[in-house]
Amino acid sequence: MFLLVSTLRGAYQRLHAPLLMGTALMDEVASPESQYAVYNHAACEKYHFIYPKYIHERINAFENEYVKFLHIG
């Protein structure tokens with residue numbers, strides 16, 4: 001994870017647009033630790049939805065939040 005955090009440090013410091021993240025806590029592909037690192041270091045308006053019982057999969061509840069976030073429908 002240190003490599004990811006140090007590699008992305010410059011990238012997430014440049015985030016200025018609102019950020020929407022959904023984190024599945026059982027995800028073994030995109031580790032929750034790395035997602036939290038990006039979220040915690042982003043200096044922008046941000047929203048984070050946590051899904052404790054999901055792995056790396058499509059989450060309908062998050063898709064609903066995504067639609068709201070984009071003001072679609």
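Predicted model: local features only at pLDDT ≥ 70, side-chain atom pairs only at ≥ 80, totals over all residues.
Biologist: Why is Glu57 called partly exposed?

Modeller: Its relative accessible area is 41%. Residues are numbered from 1 along each chain as its sequence is written, and side-chain values use heavy atoms, leaving out hydrogens and water.

Biologist: Where does Glu57 lie?

Modeller: In the loop between S2 and H3. Helices (H or I, at least four residues) and strands (E, at least two) are DSSP runs, numbered from the N terminus. The protein chain has three helices and two strands, and from the N terminus on they run α-β-α-β-α.

Biologist: What makes Thr23 buried?

Modeller: Thr23 has a relative accessible area of 0%, which is under 20%, so it's buried. Thr23 sits in strand S1. Of the chain's 73 residues, 26% count as buried.

Biologist: What does the side chain of Thr23 make a polar contact with?

Modeller: With the side chain of His48, at 2.5 Å. A polar contact is a pair of N or O atoms within 3.5 Å; within protein, one must be able to donate a hydrogen and the other to accept it, and residues adjacent in sequence count only if both atoms are side-chain atoms. At 2.5 Å, the Thr23 and His48 pair is inside that limit.

Biologist: How many aromatic pairs does the structure hold?

Modeller: Three. In one of them, Tyr47 and Phe69 have ring centres 6.0 Å apart and planes at 75°. Rings of Phe, Tyr and Trp (its six-membered ring) pair if their centres lie within 6.5 Å; planes under 30 degrees apart count as stacked, over 60 as edge-to-face and the rest as tilted. So 6.0 Å makes Tyr47 and Phe69 a pair, and 75° makes that pair edge-to-face. Tyr47 is in strand S2 (residues 46-51) and Phe69 in helix H3 (residues 60-69), 22 residues apart, so the pair links distant parts of the chain.

Biologist: What makes the pair of Tyr51 and Phe62 edge-to-face?

Modeller: Their planes are at 85°, over the 60 needed, and their centres are 6.3 Å apart, within 6.5 Å. Tyr51 is in strand S2 and Phe62 in helix H3, eleven residues apart. Ring pairs also link Tyr51, Tyr54 and Phe62 into a cluster.

Biologist: How much space lies in the largest pocket?

Modeller: About 210 Å³. Of the 13 residues lining this pocket, the closest to its centre are Gly22, Ala24, Asp27, Glu57 and Ile59. On a 1 Å grid over the protein atoms alone, a pocket is an open set of points where a 1.4 Å probe fits, with protein on both sides within 12 Å along at least five of seven lines; lining residues have an atom within 4 Å of a point. Grid points are joined across faces, edges and corners, and the volume is the space filled by probe spheres set on the points.

Biologist: Which strand gives the most to the lining of the largest pocket?

Modeller: S1, with three residues.

Methods:
Buried < 20%, exposed > 50% of the residue type's maximum accessible area, 1.4 Å probe, protein only.
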